[in-house]
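Open the model in your viewer and keep the sequence panel in view. Each stop below says what to select and what to look for there.

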Amino acid sequence: MLKTIAFYIFAFIMLKLRKLYSDHKNGIIFTLLFHIVVFLMLNIGQFRIKQEFKETEMIIDFPFEPIAEPIVQQQENIEKSNYSSVQQTNIASNRATSNKNIFDKQLQRELEEAQDLVSRVSKQLQKEIPTIDNLKMPEETTEGLDPDSIMNKLYSGNSNVEYFLENRYHIRLPIPVYLSQYEGFVTVNIVVDIKGQVISAEPTNSNLNEQLLSYAKTAAMRTRFNPDNKATKNQTGYIKYHFIAQ
């Protein structure tokens, strides 16, 4: 019974569809063609998209990592670096040694020059200036004068003779400044004992003419000062002569 009913329903539907197809045959065909075209276009578009997707290249950038050098090569590089360092150290050491040698030579040369200068000055200072026993020269004395009126410094003529001996004055003062054919200043350092005797006289201007030095030393040794009984040791001073050429 159910099968018969179902058969009649299916037949009825088919009749309706045939009638609908007959009435709208052109529209149905156009609709089908339209859907077929749309289907084909969609499939073609998807195919192109897939094709383009397949053909697109993907570039991946990996950081470059240098290939590790073999151990032997690393060892050779280390040895080269060490050799270069030693070489540079040796060069710097050689330069320092060379500079030190130059400095030492220069220092040695300067020391030798200084020693030579000291030696020449010492020889000049040690050069014995002779006195002249028979040299005649005028003298000034303080005999008869009040000792309190005599100054420690005495000038003769145009400041030709000047001396200084603290708290002492001359008893006899030879004046040789007009005897020489040369001119110049000669300073003589003197040592005087408690009796007033000049026991040492040394000219300090060793570069002057020997005649001036001899005259000055002779005059200084002949000079006499007042005794100082209170003194317990020798006293030092100087006499300065200004020679005027004759």
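**Stop 1: strands E1 and E3**

Start with E1 and E3, which pair in the antiparallel sense over three bridges. This is a predicted model. Select Glu140, then look across to E3: the bridge partner there is Leu173.

The three strands form an open sheet in the order E1-E3-E6, and the pairing is antiparallel. Which strands are at the edges? They are E1 and E6, each of which pairs on one side only.

**Stop 2: the salt bridge**

Select Glu139 and Arg172, whose side chains meet in a salt bridge at 3.7 Å, N to O. The structure holds one salt bridge.

**Stop 3**

Check its backbone: the phi of Asn167 is near 60°, a positive value in a residue other than glycine. Most residues other than glycine have a negative phi. Asn167 has a relative accessible area of 62%, so it is exposed.

**Stop 4: the four-stranded sheet**

Select E2, E7, E4 and E5 together. These four strands form an open sheet in the order E2-E7-E4-E5, and the pairing is antiparallel. The edge strands are E2 and strand E5 (198-203), each pairing on one side only. Look down the sheet: the twist averages 20° from one strand to the next.

Zoom in on E2 and strand E7 (residues 235-243). The two run antiparallel and are joined by four bridges. Pick Val161 and find its bridge partner in E7: that partner is Tyr241.

**Stop 5: aromatic pairs**

Two of them are visited here.

Go to Tyr163 and Phe225. Their rings form an edge-to-face pair, 5.4 Å centre to centre, with 70° between the planes. Tyr163 lies in strand E2 (residues 161-164) and Phe225 in strand E6 (residues 224-225), so the pair ties together parts that are 62 residues apart in sequence. Both Tyr163 and Phe225 are buried.

Tyr241 is buried, as is Phe243.

**Stop 6: the loop between E4 and E5**

Select Lys195. It lies in the loop between strand E4 (184-192) and E5. At 62% relative accessibility, Lys195 counts as exposed. Lys195 and Asn234 are 9.4 Å apart in space, yet 39 residues apart in sequence.

**Stop 7**

Met1 has 78% relative accessibility, so it counts as exposed.

Switch to a surface view and colour the nonpolar side chains. Met1, Leu2, Ile5, Ile9, Phe10, Phe12, Ile13, Met14, Leu17 and Leu20 form a nonpolar patch on the surface. Together these residues have about 1100 Å² of accessible area.

**Last stop: the whole chain**

Zoom out and colour by secondary structure. What does the chain hold in helices and strands? The protein chain has four helices and seven strands. Trace the chain along its sequence and the pattern reads α-α-α-β-β-β-β-β-α-β-β. Finally, colour by burial: buried residues make up 20% of the 246 residues in the protein chain.

Definitions and conventions: Residues are numbered from 1 along each chain as its sequence is written. This is a predicted model: local features need pLDDT of at least 70, side-chain atom pairs count only at pLDDT 80 or more; totals for chains, interfaces and linings use all residues. Side-chain values use heavy atoms; hydrogens and water are left out. Rings of Phe, Tyr and Trp (its six-membered ring) pair if their centres lie within 6.5 Å; planes under 30 degrees apart count as stacked, over 60 as edge-to-face and the rest as tilted. Buried means under 20% relative accessible area, exposed over 50%, partly exposed in between (1.4 Å probe, protein chains only). Patches are made of residues with over 30% relative accessible area and no salt bridge: like charges are joined within 9 Å, nonpolar side chains (Val, Leu, Ile, Met, Phe, Trp, Tyr) within 5 Å. Accessible areas come from the Shrake-Rupley method with a 1.4 Å probe; for residues, only the protein chains shown count as cover. A salt bridge is a side-chain nitrogen of Lys or Arg within 4 Å of a carboxyl oxygen of Asp or Glu. Two strands pair if DSSP finds at least two bridges between them. Axes are lines fitted to C-alpha atoms, for helices over the stretch in contact, and angles run from 0 to 180 degrees between N-to-C directions.
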